[in-house]
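Please study the sequence and the model before reading each solution.

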Amino acid sequence: MKAQRDRWTNRPAFVMAAIGSAVGLGNVWRFPFVTYQNGGGAFLIPYLVALITAGIPLMILEFGLGQMMQGAAPLSFSKIHKRWEWVGWWAMLVGFVITTYYTVVMAWCWNYLYYSLSLAWKSGAKDFFFNDFLGLTDGPAKLGGIRWPIVFGLFITWVSIVWIIHYGIKRVGRVVMVTVPLPVILLAILVFRGMTLPGAIEGIRFYLTPDFSRLLDPKAWLAAYSQIFFSLSLGFGILIAYASYLPEKSDINNNAFITSFANCGTSYFAGFAVFSVLGYLAQATGVSVKDVVAGGPGLAFITYPTAIGLLPFLPALFGVIFFIALLTLGIDSAFSIVEAVVAGLRDKWGMTQRKATIVFSSAAFIVGLFFTTGAGLYWLDIVDHFMNNFGLALVGLAECLIIGYGFGTERFRRYINSISEIKIGRWWDFLIKVVTPLILAVSTILVITEEIRRPYAGYPQWALILGGWVLAGLLILISRFVLMRVKGKEG
Ligand code: PHE
């Protein structure tokens, strides 16, 4: 006797929530930078190829699996065969680790929202970020103290997440009606502001001038695939969990297309907000655009704030708009992972939504404190690098193999076609069984060899082993040998 599974109020609620998970910080600070680095306008070719050969097929897979099995990742995989349950737990653990630091980045955003009011970074954004704000130590070995303002931001972030999801998926459906469109409107304001500044065109030229020779470099292709994965929130079990709240008759295929294109369109658009302002910054400071481009935290907390500080009027207002945009972009991605894990805990042990949310969130908050120390940025960078490079692609690979050979693509496709508006053909089987796993396997091997040849970003070897290899390996071992063996409520 099962309690009725919680349901989305309607189809737009589900689609918006999926888009909310996909559209996140990565669209603003990762996509434009990766594009610029890998051939500008020419990068759109590998990017679209990656979207079509891996992004959309896997999204269809995750949506279809969750809807069919009516469970989060562990339950869904164990319904295919008991021995695959651990793959779901593995996805959850990767999700757990990612939330612990993703929420810390959001904590920085809360602080910067406040600093925007007085443009507190004005005397030098770089120095302000590293020294005054993070209190960055000399290296990962020296933790330094906990930074209380960051802890405070982290606390607000977690309270918001708990408030949104502890009540169930219906509230999520309502919240995303604000947190998805709002940042897009704010981005539009920033694009308009950016494009009307002197130097903007120079910035856009940097972003989009195609360099087709870059397409011969396998790194550009690898970058396209990993960006697609990270950006569409694939490989965390998030979309499986979200789709498990879909009722019996629900479109799968069309929703996957809508979600994917909405996400990639937002990324492309965000590039204009970022690069127009970088063009302005370059002109205002008399350097070339090449010398101001940055990706990752550097863009959001150093370069963009610097440019905002130079705006001719109302700089504080644009600072506030930028950080609210980041917070609303990030929050629905953050709570989507939490929801995925909470759904997994609930499925397995029959915990209530409220209890599972509170237990999980408190644990993630406590672990996250580690990233609020003076060495937090180093560890965040290392853990992020490894989780994204190994966690996601490997889970994706496992998904393809389990559905492709364990369950059977033919059977899977027939089922989802029977409930979807758009029918997918045999091409999907071929992608899931051959193309996507091959690409994921090859890219993982390339990444691993590269990693061994050239240790990431010059961090000390022991830190990479601990925060990277050991952690990544541990997650696999825990899910395979511990979580899977623990008895669930079914006994
Ligand atoms: N899709 C998110 C982004 O682009 C990344 C993300 C994935 C964040 C999964 C949280 C969970 O920012």
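**Exercise 1: The ligand**

A nitrogen atom of the ligand lies 3.3 Å from a polar backbone atom of Ser21, a polar contact (a pair of N or O atoms within 3.5 Å; within protein, one must be able to donate a hydrogen and the other to accept it, and residues adjacent in sequence count only if both atoms are side-chain atoms). The model is predicted: local features need pLDDT of at least 70, side-chain atom pairs count only at pLDDT 80 or more, and totals for chains, interfaces and linings use all residues. Residues are numbered from 1 along each chain as its sequence is written, and side-chain values use heavy atoms, without hydrogens and water.

Solution. 
1. For Ala22, a backbone N or O atom is 2.8 Å from a nitrogen atom of the ligand.
2. For Gly26, a polar backbone atom is 2.7 Å from an oxygen atom of the ligand.

**Exercise 2: Helices α8 and α17**

Task: Determine how α8 and α17 are oriented to each other.

Solution. 
1. Helix α8 spans residues 148-165 and helix α17 residues 353-368; helices are DSSP runs (H or I, at least four residues), numbered from the N terminus.
2. Their axes are 10 Å apart, at an angle of about 165°; axes are lines fitted to C-alpha atoms over the stretch in contact, and angles run from 0 to 180 degrees between N-to-C directions.
3. The two helices are therefore roughly antiparallel, the term for angles over 145 degrees, whereas those under 35 count as roughly parallel, 65 to 115 as roughly perpendicular and the rest as oblique.

**Exercise 3: Helices α12 and α19**

Task: Determine how α12 and α19 are oriented to each other.

Solution. 
1. Helix α12 (residues 218-231) packs against helix α19 (residues 426-453) at about 110°, with axes 11 Å apart.
2. The pair is therefore roughly perpendicular.
3. Lys219, Leu222, Tyr225 and Phe229 of α12 take part in the contact, with residues of α19 including Leu446 and Glu450.

**Exercise 4: Helices α14 and α15**

Task: Determine how α14 and α15 are oriented to each other.

Solution. 
1. The axes of α14 (residues 253-285) and α15 (residues 297-309) come within 9 Å and cross at roughly 55°.
2. These helices are therefore oblique to each other.
3. Residues that meet include Val277 and Tyr280 in α14 and Leu299 and Tyr304 in α15.

Key:
Contact = heavy atoms within 4.5 Å.
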